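Hi,

Here is the structure I promised to send over. Have a look at it first, and my notes follow below.

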Amino acid sequence: MKTLDIESSSHKLSNGLEVVLHKDSSVPVVAVNIWYKVGAANDKVGKTGYAHLFEHLMFQGSQNIPKEAHFRYIQEAGGSANGSTSRDRTNYYESLPSNQLELALWLESDRMGFLLEALSEEKLENQKSVVINERLEHYDNQPYGLVGEKLNSLLFPFGHPHHFPVIGYLDDIKKFSLEDAKRYFKNYYSPTNAILTVAGDIDYDNALNLIQNYFGDINNEMGIAEENFASLPKLEDYKYLEHFDKVNVPQIYFGWRTNKLFHEDEVDLHTLAFILSGNKNSLLTKKLVYDTQLCQRVSAQNDLSKYDGSFLISATPKNINDIEQIKKNIFEIIENLISSNGTLDKEIATAVNNFKFQFVHSIEKISTRADLLSSYKYYVDEPNWFLQDYERFNKVTTESVKRIAKKYLNKNFVELRVLPKNDK
Amino acid sequence: MINRTTAPRVNGELGFKFPELKTTSTSNGIKIISSFKPSAPLINFRLTIRKGSIYDLPELNGTSLLTTRMIDEGAGKYDSLELNQEISYLGTHLSINCDNENIYFSLTSLSEYFEQSLYLLSEIIKNPHFTQDDFDREKDTLLNSLKLVQAYPDFIAEDSFKKLMFGNNNYGIDIFGDLTTLSNITLQDIKDLYKNYYSPTDAIITVVGNIESKLLLDSIEKHFVGWINNSLNSFQPNLELTPTLPGTYFLNFPGSVQSEIRVGLLTPQIDLNNYPAILLNIIFGGDISSRLNQVLREKEGITYGAYSYFEIMQNISALLISTSVDLINSFKAINLIKQVIDDIRKNITEEELSYAKSKLINKLPLRFESILNLNSSINHLEIMGLGLDYYDNYTAKINSVSLNDVQNLASELFVKENFIFFLTGDKEKFFEINLNEEIFEVDSSGGIINSL
């Protein structure tokens with residue numbers, strides 16, 4: 001697929017900053033995207049949520065940028081900006097009219113090089129309060145809002161980098177000190193620990209010159225080496241949890257440990273999820289939503305990262321008394337999928353067409369293309385990996401899906417039931 | 001050495017132009033607006049029918065929404081599962097939904113599968129099955145979905161707040177209706193709604209993507225020619241405004257650990273040609289750098305975000321404010337919002353206006369970057385009657401707005417005594433009520449049950 005052959009050029013500045021450039025002048029838009037190789041997986045016991053809280057501090061101004069002026073500059077220029085924290089990385093990004101590229105480079109380089117000069121106790125306390133409200137709004141005050149936290153704490157035992165929630169625990173967020181922040185910045189926010197991608201309506205030479213001018217003189221003060229997550233605690237048995245929540249309708253969840261992003265099993269796991277719940281004819285949806293009508297919805301999905309992954313099935317029963325029957329049906333379907341002699345060719349072809357659409361759709365916007373370039377550079381050290389990524393799906397077979405289902409959907413899993421508090 | 005102390009200068013002018021549009025129509029009267037955008041092998045097709053949930057009969061609220069859930073459960077020669085398999089096999093993404101004013105079909109496909117995808121969509125629109133089995137299942141699912149979302153504080157807040165803002169006006173009713181009206185709906189009601197409202201003369205089509213207009217028109221003509229005018233026995237919605245009196249209202253939501261705050265003001269009818277209003281909202285609460293968010297989040301740290309927007313519909317418009325705060329700061333937040341309202345009616349600066357203008361003008365390239373964004377904009381221009389030349393003199397029209405224009409509008413609108421302030425939260429957990437005014441406790445239907 002020619003569409004997925006995304007040409008780019010890679011560079012490395014003398015201070016270690018990795019740079020990816022990609023030119024597309026079809027619209028006068030440019031995207032600047034920085035990945036710092038630190039995420040929630042690097043959070044420690046008693047210091048959960050630090051990666052995410054630090055992302056907030058990055059928008060509080062630096063030596064030459066007043067507090068909160070980052071957004072104002074970008075929006076005034078007609079752009080948009082934000083950041084996000086995952087387990088693997090923290091990213092920051094701007095989309096702008098292409099004549100405003102230099103503005104984004106100025107802003108990003110100032111906080112990469114000179115954040116601490118402007119960081120204060122007052123800013124830290126303000127953002128701790130904002131993040132506490134973010135946690136309340138998106139998790140504690142939401143029905144089912146603590147599902148991810150509870151599932152992951154069981155799936156990934158203590159000591160595993162996925163054990164803690166990305167947002168962090170309230171008590172830990174409150175404890176974050178200015179000294180912690182300064183240490184964190186020195187340890188992780190260094191040019192050698194970052195990938196900068198600039199994509200869109202650019203001239204390669206001009207963009208590289210600007211990047212050299214703005215980022216080339218930033219000192220590399222990397223404090224610590226990458227964490228060693230080679231030996232991870234395993235899920236050794238079946239775990240069951242009931243969580244009584246302020247909900248009107250129950251939900252049930254089954255989670256298995258799988259493998260990391262870009263592992264050779266990844267595409268089979270995605271295909272398996274599609275075959276189970278990707279459309280109305282998928283195995284779980286057809287059985288539980290259409291044939292028996294025991295559920296109003298059912299879903300299977302993967303959650304994969306640099307260090308590990310999980311496979312999750314969730315269902316919303318129409319009647320709380322049907323939960324055992326639904327569980328029985330789900331496990332029968334998995335067992336039948338693994339043991340039957342039937343072919344999954346039609347389901348796989350449908351899945352591959354859906355993945356193809358998603359690939360093409362995801363690269364249409366320059367900003368998402370820039371983020372994928374950073375992502376491929378980070379995970380497989382090759383920014384133009386779109387086509388190879390897509391072509392992995394053409395290798396999926398009935399046998400490979402069954403093998404993966406058998407390998408991962410085993411007896412060691414986590415079951416979580418979220419039940420209405422009134423039914424306790 | 002680079003000078004880091006000041007922002008770099010803009011590198012030249014972009015000279016951005018709104019993409020070229022073609023307008024035509026089918027032989028059965030559907031207006032088509034399209035834009036050829038070959039940058040990706042994708043096409044986004046939208047068909048909008050201007051009959052949203054305000055046209056539901058009062059005792060059958062939720063019928064529009066349930067019809068959108070039913071209409072792709074079997075059509076033409078395919079039953080529900082067969083139809084879904086056909087669409088899914090192409091990798092095509094189809095969404096069908098409605099709001100108060102419109103019903104929306106949006107189809108996005110790879111160019112190579114567009115023709116087949118369009119055929120399947122046309123079957124859905126022209127020849128839906130509406131079987132009893134599918135109806136029973138989808139109605140049951142929708143009832144359960146409503147029960148599920150009724151546990152969400154933001155859903156409850158929006159639902160109750162709308163009732164306070166709009167009173168008995170049909171805009172005050174959520175597209176779900178309620179559990180009683182949803183339960184009342186029969187299969188015949190769905191068939192009647194389809195027969196009366198799903199009409200080509202009430203529909204518009206907008207398309208953006210990798211397809212030439214002649215080829216596009218031929219395809220649409222071929223697939224939609226059999227869609228005929230229906231009887232159009234339209235229910236006349238109640239559009240008379242009977243809003244609740246301004247004041248502060250409270251809905252108890254036991255177990256909540258935050259307060260959902262909504263603030264609103266019915267305004268004279270506003271549309272997107274009212275540039276002073278658009279600019280005023282950017283200054284007041286339209287983005288992260290606006291006054292509301294700067295005070296409540298960046299100065300006080302009592303929320304993750306506080307924003308405002310103009311709700312602009314065909315028959316009604318309002319200024320709405322939304323935020324979530326921890327319980328202890330609920331009334332502090334309301335006092336701060338009142339302060340921001342007071343301040344903006346007295347003094348807006350040239351610097352703020354300049355920021356708002358630059359943001360609007362400079363945003364055009366990004367706003368129309370993707371096929372979905374561009375098509376959404378075209379669709380909006382058409383259904384709001386703004387004209388397809390809306391962006392022709394856009395920059396000049398924005399630049400012509402004076403500080404006086406914006407300040408006068410702010411002085412007219414931002415009178416805090418005219419606003420409705422509404423919050424939900426756990427009554428038992430509020431630490432202090434410090435508003436120096438009466439607060440009315442309401443039930444979920446917006447009726448006053450108590451004075452605090």
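When I write helix or strand, I mean a DSSP run (H or I of at least four residues for helices, E of at least two for strands), numbered from the N terminus. Bear in mind that this is a predicted model, where local features need pLDDT of at least 70, side-chain atom pairs count only at pLDDT 80 or more, and totals for chains, interfaces and linings use all residues. Residues are numbered from 1 along each chain as its sequence is written, while chains are lettered from A and ligands numbered from 1 in the order in which they are written.

Let me start with one residue. Ile361(B) sits in helix 12 of chain B. It is partly exposed, because 15 other C-beta atoms lie within 10 Å; on this scale 20 or more means buried, 12 or fewer means exposed, and partly exposed is in between, with C-beta atoms placed from the backbone. Apart from neighbours within four places in sequence, Ile361(B) is in contact with Thr395(B) and Ile398(B), where contact means C-beta atoms, placed from the backbone, within 7 Å. Its C-alpha atom is 9.4 Å from that of Ala396(B), a residue 35 residues apart from it along the chain.

Helix 12 (350-362) also turns up between the chains, as one of the elements giving two or more residues to the side of chain B that touches chain A. That contact involves 61 residues of chain B and 59 residues of chain A. Helix 4 of chain B has the largest share of chain B's side, with seven residues. By class, chain B's side has 26 nonpolar, 24 polar and eleven charged residues (nonpolar is Ala, Val, Leu, Ile, Met, Phe, Trp, Tyr, Cys and Pro; charged is Asp, Glu, Lys and Arg; the others, Gly among them, are polar).

Now the domains, whose bounds come from an automatic or database domain assignment. Chain A gets domain 1 (2-215) and domain 2 (239-423), with their C-alpha centres separated by 29 Å. Their contact takes 38 residues from domain 1 of chain A and 35 residues from domain 2 of chain A. Helix 5 of chain A gives the most to the domain 1 side, five residues, and that side divides into 18 nonpolar, eleven polar and nine charged.

Chain B is assigned domain 1 (22-224) and domain 2 (247-451), and their C-alpha centres lie 29 Å apart. Here 28 residues of domain 1 of chain B touch 28 residues of domain 2 of chain B. On the domain 1 side, helix 5 of chain B supplies the largest share, nine residues, and the classes are twelve nonpolar, ten polar and six charged.

In chain A, helix 7 (residues 178-188) has Ala181(A), Tyr184(A), Phe185(A) and Tyr188(A) as its buried residues. They are on the same side of helix 7 of chain A because they cover an arc of only 95 degrees around the axis, taken from the directions from the helix axis to the C-beta atoms. What covers them includes strand 3, helix 1 and helix 4 of chain A.

In chain B, helix 1 (residues 63-70) and helix 7 (residues 187-197) pack at about 90 degrees, with axes 10 Å apart (lines fitted to C-alpha atoms over the stretch in contact, with angles from 0 to 180 degrees between N-to-C directions). They are therefore roughly perpendicular, a term that covers 65 to 115 degrees. Among the residues making this contact are Leu66(B) and Met70(B) of helix 1 and Ile190(B) and Leu193(B) of helix 7.

Cheers

Notes:
Two residues are in contact if their C-beta atoms, placed from the backbone, lie within 7 Å. Angles under 35 degrees count as roughly parallel, over 145 as roughly antiparallel, 65 to 115 as roughly perpendicular and the rest as oblique.
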